[in-house]
Amino acid sequence: MKFIKPMLLALMFAWMPQAFGELAIIVNKSNADNLDADYLQMIFLGKAKGYPSAGKAVPLDLPEDHPIRETFLKNVARKSKAQYTAYWAKLMFTGKGVPPKIVDDEKAMLELVSKNPSIIGYVDASKVTGDVRVVAKF
Amino acid sequence: MTLTKSLSIFFLAMLAGLSHGNDMIRMSGYGSVVLGQVMDGSAYVADYPNLGIYDDEWDIGQESRFGLQMNATISDELSATVQMVSRANNDYEAQVEWMFVNYALNDDLELQAGKLRVPVYYYSEYMDVGIAYPWIRVPADAYSLDVTSFNGLQLNHRMFMGNTSFTTAIFTGRAKNENSELMSYLFDNDPGDVTGTGSANVDRYFTNILGVGFEVNMDSTIFKVSYTQADFDETIVNSFTAEADGTIKFMDIFIQQNFGPMSVMLEYNDYDPFYSSYFASFNYTLGQATYYLMHSKFELDATDGTGTPFEEHDTNALGMRYNLSAKVAVKADITMMTDTGASPVNRDPDGDGDVTIFSTSLDFMF
């Protein structure tokens, strides 16, 4: 009986159209690489450890409940929230990888990206400043 | 054992000390609270390696467990990890499940040294992490190996071609399972006693372990195969004493294919000279819910005079997982086991160990 309600909720969510803000993937201004969707996915899933030309890639994440994160998971990680968590749980608890560090908010994200040429992150496209370079929009 | 434990507690404490204001240290954890009860039949072995057995009274103390992990990045190449697990059926006593250093030789190649999981099954390395799979438990029939960890070295090679990853692992070392809980239980003189403490003592030693695993992970297809061999030495002390030694060979193959919201998983293993087992699972995800239908079978090679295996059973499970959030899930499951050999619970030879069990769990990570 307990599970009837979640089941109905699950059905509702499956059919509900959802609207998201536009997502901007940002890197340091010194980073001139062009990154396509597949490569971005590899960076954020820890599969690619560096940029195509040179240098280490350090992806950052936003808090779980951040409104733009849903767009990020759908378009960049291409995993549902639960799949993304399970993916990292598998790597983390078997010593094979650590998930991207989570920064507090978009302001912190912009600041870190603008200061460190290795870092790659994402923000709502409306929050982008001149201190960073946008490599992709979704 | 005590030394290992003291060392790891020291190690954890040291890491905890270091972690103060140091972002190179990560602490994470996971847990599962599992409640189960036999609805029909006598008892059900839900977890063979750790001997989790349910009877006809609801029980939260068979499969519930908590894991705590600390990972320290020492340099770009070197990291150290320790994972402690407390199991309800072991009085929540914390035990070191993993303790190793990881050295990256280059971007694709890393060497791990220490206490590691024997990576023979697809889910070997995270079978305790309930949040990472759909079922309440990894299929018990197919995940029954009594030894889950080894001390040694593992070389991992990971390569990516587009979205496809190729992982090869080569591992070597040794494992011991002194007073093996599972084997001592199975060889007990008083088999009807489901509390599992009995008269038998079984020690098992695996030396010269040498194994290789290969995994291909594509967007919607996962394939893994592994082969492991080792020198094996076993002593059973009961009203009789029996010794056995020889070479064991373990072969496992896993495949998963996703079809949109549906997925099919198949895993088969052959443990020479002891048994073979498999599972097949059909999963369907709808929003935050995943429904599964699982079938598994265990068959011991040794047979009685009529050719019937001493232990043989197959299981059908129907269940559901619902994600409350990305890091918390609840699950419910009905499992029916059909016993066609000597029952693992009471050793009765005429296959009367049929059992139906209901379980529910809360799985989380942090």
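Of the 138 residues that make up chain A, 33% count as buried. That is a handy place to start with this model, which is predicted.

Chain A is built from five helices and five strands. If you follow the chain along its sequence, these elements come in the pattern α-β-α-β-α-α-β-α-β-β. Among contacts in chain A between residues at least 6 apart in sequence, 68% link residues at least 24 apart.

Now let us turn to where the two chains meet. Chain B brings 33 residues to the contact, and chain A brings 25 residues. On the side of chain B that touches chain A, the elements giving two or more residues are strand 1 (25-40), strand 4 (65-73), strand 5 (78-87), strand 6 (94-104) and strand 16 (312-325) of chain B. The residues on this side of chain B comprise 15 nonpolar, 14 polar and four charged ones.

Other strands of chain B are worth a look too. Strand 10 of chain B (residues 201-217) pairs with strand 9 of chain B (residues 164-177), and strand 10 of chain B also pairs with strand 11 of chain B (residues 221-237).

How many residues does the hairpin that joins strand 10 of chain B to strand 11 of chain B pass through? The hairpin makes this link through three residues.

Technical notes. Residues are numbered from 1 along each chain as its sequence is written. Chains are lettered from A and ligands numbered from 1 in the order in which they are written. This is a predicted model: local features need pLDDT of at least 70, side-chain atom pairs count only at pLDDT 80 or more; totals for chains, interfaces and linings use all residues. Two strands pair if DSSP finds at least two bridges between them. Helices (H or I, at least four residues) and strands (E, at least two) are DSSP runs, numbered from the N terminus. Two residues are in contact if their C-beta atoms, placed from the backbone, lie within 7 Å. Ala, Val, Leu, Ile, Met, Phe, Trp, Tyr, Cys and Pro count as nonpolar, Asp, Glu, Lys and Arg as charged, and the others, Gly among them, as polar. A residue is buried if 20 or more other C-beta atoms lie within 10 Å of its own, exposed if 12 or fewer, and partly exposed in between; C-beta atoms are placed from the backbone.
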